[in-house]
Amino acid sequence: MTASLPGEVALPDEPPPEDRRHMIRRRALTLLIIVLLIGVPAGYLVISANQSRDSGKDKQKKYSATGLTAAWPSKVQRRLYQVPVPHPADQVAYYETNNWKTSRLYVQFRTTDAGLDAFLTGVGVNRDDLEQGDLTIGARDRSVTGWKFTGPGPWAGLAHRQKNPAPTQDIVVNLADPANPMVYVVSRTVP
């Protein structure tokens, strides 16, 4: 043993034995730390993987659609194609096609008389621009959506042409129920 300096306390060679309560608490704390360091990240990875897989299935379903989908187009689609679906509107359905040459958004909805005016104003036209009996949506676009403009009318339509990159809209309105007109729109844009 070395000589100790005045005021220095000599430490024993071995620590005192650990009592049972302290040992159990130390092991429980060690187990808790292991669970937190391994279990929480593993749980997060499982949840994240499930969400990612579900998102992929939703996207697959959305992009494999081959006709009108009974839902509102997204806000981005409505803004990009300049199709301001008014409120209130029901029987809303849409379908989007894209290729290297042209992108199209097909939208149909039923609205009120005031809703029709709001929609036409949002597109940049007014009710006076509608031509009675003019079915501006062509046979190709009708076959894509399955639209048949053969029901009771009167029918009215207009073609709103704009310079690129702004979209061009073909609009057909069924005014059989003037209080609740049915509107059909094909908006085309060139990427």
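Colleague: Which backbone oxygen does the side chain of Gln169 reach at 3.0 Å?

Modeller: That of Gln82. Bear in mind that the model is predicted.

Colleague: What lies 3.3 Å from a polar atom of that Gln169 side chain?

Modeller: The backbone oxygen of Tyr81.

Colleague: Is Gln169 buried or exposed?

Modeller: Buried, because its relative accessibility is 0% and the cut-off for buried is under 20%.

Colleague: What does Gln169 touch, leaving out residues up to four places away in sequence?

Modeller: Tyr81 and Gln82 are on the list, along with Val123, Leu158, Ala159, His160, Gln162, Val185, Val186 and Ser187.

Colleague: And which strand is Gln169 in?

Modeller: Strand S5.

Colleague: Changing topic to the sheet. In what order do the strands come?

Modeller: S1-S2-S6-S5-S4-S3, six strands in an open sheet with antiparallel pairing. The edges are S1, residues 89–98, and S3, residues 131–132, each of which pairs on one side only.

Colleague: Which helix packs on the sheet?

Modeller: Helix H3, residues 113–123. The strands that H3 touches are S2, S4 (155–160), S5 (168–174) and S6 (182–189).

Colleague: What angle does the direction of H3 make with that of S5?

Modeller: About 165°.

Colleague: Back to S1. How many bridges join S1 to S2?

Modeller: Eight, with S2 covering residues 103–111 and the two strands running antiparallel.

Colleague: Which residue in S2 is the bridge partner of Asn98?

Modeller: Ser103.

Technical notes
Residues numbered from 1 in each chain as written. Predicted model: local features only at pLDDT ≥ 70, side-chain atom pairs only at ≥ 80, totals over all residues. Heavy atoms only, no water. Pairing = 2+ DSSP bridges. Helix = DSSP H or I, 4+ residues; strand = E, 2+ residues; numbered from the N terminus. Contact = heavy atoms within 4.5 Å. Axes fitted to C-alpha atoms, helices over the stretch in contact; angles between N-to-C directions. Buried < 20%, exposed > 50% of the residue type's maximum accessible area, 1.4 Å probe, protein only. Polar contact = N/O pair within 3.5 Å; in protein donor to acceptor, adjacent residues only side chain to side chain.
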